[in-house]
Amino acid sequence: MSQPKPEQLVQIQYGPQPRDWMDPAVEFRKGTFCYSALAKNLNYLGLPNARDWQPFDEDWKLPPDWKRIILDGMKERLEKFRSFRLFMDICVRCGACADKCHFFLGSGDPKNMPVLRAELMRSVYRRYFTLAGRLLGRLAGARDLTEDVIKEWFYYFYQCTECRRCSVFCPYGIDTAEITMIGRELLNLIGCNINWVLEPAANCFRTGNHLGVQPHGFKDSVDFAVDELEELTGIRVDASINRKGAEVLFIVPSADYFGTPHYYTFLGYLALLHEIGLDYTFSAFASEGGNFGLFNSHEMIKRLNAKVYAEARRLGVKWILGGECGHMWRVLHQYMDTMNGPADFLEVPVSPVTGTRFEHARSTKMVHICEFTADLIHNGKLRLDPSRNDHWTVTFHDSCNPARAMGLLEEPRYILRSVCNRFHEMPENTIREQTFCCGSGSGLGTDENFEMRMRGGLPRANAVKYVHQRHGVNLLACICAIDKATLPPLLEYWVPGVEVAGVHELVGNALVMRGERPRLTDLRGEPATQAEAVHA
Amino acid sequence: MKTSLSALSLVLAIALAAAAASRFVWLLPLLAVALPYGTLAIFLAGLSWRVVCWSRSPVPFRIPTVCGQQKSLAWIKSARLESPHSTPGVVARMALEILLFRSLFRNTRSRLEDGPRLIQREAKWLWLGALAFHWSLLIILLRHLRFFVEPVPKVAVLLENLDGFFRIGAPVLLVTDVVVLAALLYLLQRRFRDPQVRFISLFTDYFALLLLLGIAATGVWMRYFARVDAVAVKQFVLSLTIFAPALPKNPGPLFFAHFALAGTLAAYLPFSKLMHMGGVFLSPTRNLANNNRRKRHINPWNYPVKVHTYEEWEAEFRDKLEAAGLPVERP
Amino acid sequence: MRDRAIIWSGLAMFLLFATFPFWHNLSAAVTSKGPNPVLPANARQCVAPVEYMKTSHMTLLLDWREQVVRQGRREFTAFNGQRYNMSLTSTCLEQCHSSGKAQFCDRCHDYAAASVPCWDCHVDFKSTLRSAK
């Protein structure tokens, strides 16, 4: 597949548009959309209108009463979600959100302005649910629901990563993620979904994780990691699976034990948890913290998330520890307790090493590993040699969801400052709550969507480029599995020479373990730091 | 362009129609009695209906947009205003949002330079213009109490004196009159000049601005240039408030243009984006505390869903679990 | 749900405030009779027609100030040919409106809460004398 070059891609026109946006028009150009979901995945999950089709087909084979389904679905959701009703009503189109969206900044397509993405839905809301829209039509900003509008919804609601950056700037807190989520739910009712969301969801429902790794495969992966860690450090760690009576259930995104560079982070977890002697177990059933239900429907979130508490109850653990993942933590922090709680069979999480009670997780009973590790470091429970990371000059990418759903900003930074010597922040308006998305979140990280991903990732990559050129940054640390999967190709495209790593990979590098062999390599198997080499 | 022109024509038509109608004595009851009572009733009923509508849809999930450090470990300073973990924090965050437009203050403007370098610069003009407009409007509304209440409330007198602080001319020049016009003109020109904002602007966006501009302009014209008899205006307005309407003695066409435009605004408000006035209080991304893991949020319509249970899972993968030596519930 | 109570009480407070003029005026038995400035006992005609004076006396007074202070002219010829010395204190208040600021000017100005910049400089002799005694 010939892909556009960066020099071509960056010729972005933000200028005035000749057409009125109210006339639906969408062109499914290769590289800018995701393929449809396979029928088998819809069938497995019991979702409607499974069929063979593609977005670029003329005929989308919608059910005959698709219009009624959509309008009934809207009505139901207007009654169920105050956010939806309110966000349909109160936007004043001030335009503050316009240039906050990475997809708009990278594509210049005006319908990628958050305000207009929402207007695609609002115009239909006005037409069928407000007096003014019913009476005045186009003058009141209302338009008929047609198949072309559905195609437009599909294109643009699958061109939003639900990163919520626009919501930070909106004077009314209008959250496009909320509108996109409901938009996708509606599309889902008539069978318009993408495979990159539905296949992981179906896998997760069946096997327990997005990748469809079955229990024996899961055990193989963990065993392989244990062997590899022994080769690197000389220490054999114990990583149990489905063990009843452990104190803590540890849940990570499945990419951590199956993808690269996630895998090095997984090694970091294993080293850390062994070193402090935590009594924990993995679960082959709850072998996924991530939740692609978030990109499908609220119901699917709940269906996929249910296994977390169910497994914690079955295994009889006291509390749950969660690995590095972005949208996984949006679900765990903002949805899990409400949907599948109360977790009254668990105890308020207490770190057995430091005695710290994680009061902030007293109801959900699930702690982020960065919170856990920061507490260990702060209490001096870890022996760390940051010079082992001296071959890295590090910057930190706040993943959208930990930043804007949780406010997990200082913990990873505290850890990074403790485990590496060279750390530089990216420019102010691109980090923390204003962080830019990787451009591939919410199920859009597929190869057929490559051009759009590169466009959406431009603002993030450009900020990395700034610190790369200014401070020689060569490693982007992050705490999100989708980041770790999609930032490497993004940086390869826009800023060659910068690698991507999880925070706990760097922890694993710096961690001085009792009884370990001198480390000849880092967790990636690359020669140990130059600093040590010079001293030797 | 077409939409802005039609909005302008509509505002002008309302103003001119009212001004013309005031010349005909037989139309006065309509203009001076039916119009104010009718529009006020629509305003109050419409606004209440909208708010009740919103309140009937529950907030199923706690979804604050967090804009600062969470409260987690004791030694990490949490952002009390940007990521409030308690009710006082939420109240403070909402107060900042509603009184000072905190989120708009964050605004940036991005620019793509050669390199490529994508730069996010601070951009405060929209914030300043919006804040100037809204505060002026509030002060002007409160100042108008002098026409509606007898004796005049102290707050209206105080605001009048503060507003006329510079003591320029007679009638004394009021700062908010200048500011509200300037801010409205700024907001309006933004809709024309900024290509992105122009692209998203609808009829209602121009109409609301032009309507407010029309009200402000007629008001200013009445006070400083045409000089309407304020005592007569007050007598008329008071008569309306005690439900004993007495037609004004010397109705100026300008007064009725102002009056009709204000009535239009009141009646239009509940059915328009101007409901953001009430909606901003209810925004779930702002008015909820970021204490999700500390306190369980209840979803009133939480319903059971079809899940894949452990037992089903174990049954499906029993062979593989046993082959891998993983423990099972039912051996 | 708990928040409905909050929302509805917020709405009720807004409605209460928005209708304040109605219930206040009704309960305080306010009428639309208007103010009753004490008019001159002996003079029948002001320096300009009453309708003009009602809406525009402030511009006339500002014009007088301009003439007297900046141009040194004191004589004013009224619309009916009558001549006056341009002076707020010694013409308006002493010759005709002997009821003074409190009973003439303030009655309407208080009614409409219109500020009177005249008295930023001019002294209201009557009340000053009264308070001196």
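This is a predicted model: local features need pLDDT of at least 70, side-chain atom pairs count only at pLDDT 80 or more; totals for chains, interfaces and linings use all residues.
Let's start with chain C. Chain C carries 6 helices and 2 strands, and if you walk along from the N terminus the order is α-α-α-β-β-α-α-α. Its radius of gyration comes out at 22 Å, well over the 14 Å that the globule rule gives for 133 residues, so chain C is more spread out than a compact globule. You can see this in the box that its C-alpha atoms fill, roughly 75 × 35 × 35 Å along the principal axes. Of the 133 residues in chain C, 11% count as buried. As for contacts within chain C, take those with a separation of 6 or more: 56% of them link residues 24 or more positions apart.

Now for what chain C touches. On the chain B side, 35 residues are in contact with 30 residues of chain C. Four elements of chain B give two or more residues each to that side: helix 2 (28-56), helix 6 (145-148), helix 7 (154-163) and helix 11 (230-241). Helix 11 of chain B supplies the largest share, 7 residues. Sorted by class, the side of chain B that touches chain C has 21 nonpolar, 7 polar and 7 charged residues.

Chain B also meets chain A, in a contact that takes 80 residues from chain B and 97 residues from chain A. Several elements of chain B put two or more residues into this one, among them strand 1 (108-113), strand 2 (117-122), helix 10 (203-226) and helix 14 (310-323). Here the largest share, 6 residues, comes from helix 14 of chain B.

Where the two domains of chain A meet, 16 residues of domain 1 are in contact with 20 residues of domain 2. On the domain 1 side, helix 5 (102-107), helix 9 (165-169) and helix 10 (176-189) of chain A each give two or more residues. Helix 5 of chain A gives the largest share, 5 residues. By class, this domain 1 side divides into 5 nonpolar, 6 polar and 5 charged residues.

One last stop is a pair of packed helices in chain A. Two packed helices are described by the angle between their axes and the distance between the axes. Helix 12 (residues 215-233) and helix 13 (residues 262-275) of chain A pack at an angle of about 75 degrees, with their axes 10 Å apart. Angles of 65 to 115 degrees count as roughly perpendicular, and that is why helix 12 of chain A is described as roughly perpendicular to helix 13 of chain A. Helix 12 of chain A makes the contact through Ala225(A), Val226(A), Glu228(A), Leu229(A) and Thr233(A), while helix 13 of chain A brings Phe266(A), Leu267(A), Leu270(A) and Ala271(A). By class, this helix contact has 7 nonpolar, 1 polar and 1 charged residues.

Key:
Residues are numbered from 1 along each chain as its sequence is written. Chains are lettered from A and ligands numbered from 1 in the order in which they are written. Two residues are in contact if their C-beta atoms, placed from the backbone, lie within 7 Å. Ala, Val, Leu, Ile, Met, Phe, Trp, Tyr, Cys and Pro count as nonpolar, Asp, Glu, Lys and Arg as charged, and the others, Gly among them, as polar. Axes are lines fitted to C-alpha atoms, for helices over the stretch in contact, and angles run from 0 to 180 degrees between N-to-C directions. Angles under 35 degrees count as roughly parallel, over 145 as roughly antiparallel, 65 to 115 as roughly perpendicular and the rest as oblique. The radius of gyration is taken over C-alpha atoms; the globule rule is 2.2 Å times the number of residues to the power 0.38. A residue is buried if 20 or more other C-beta atoms lie within 10 Å of its own, exposed if 12 or fewer, and partly exposed in between; C-beta atoms are placed from the backbone.
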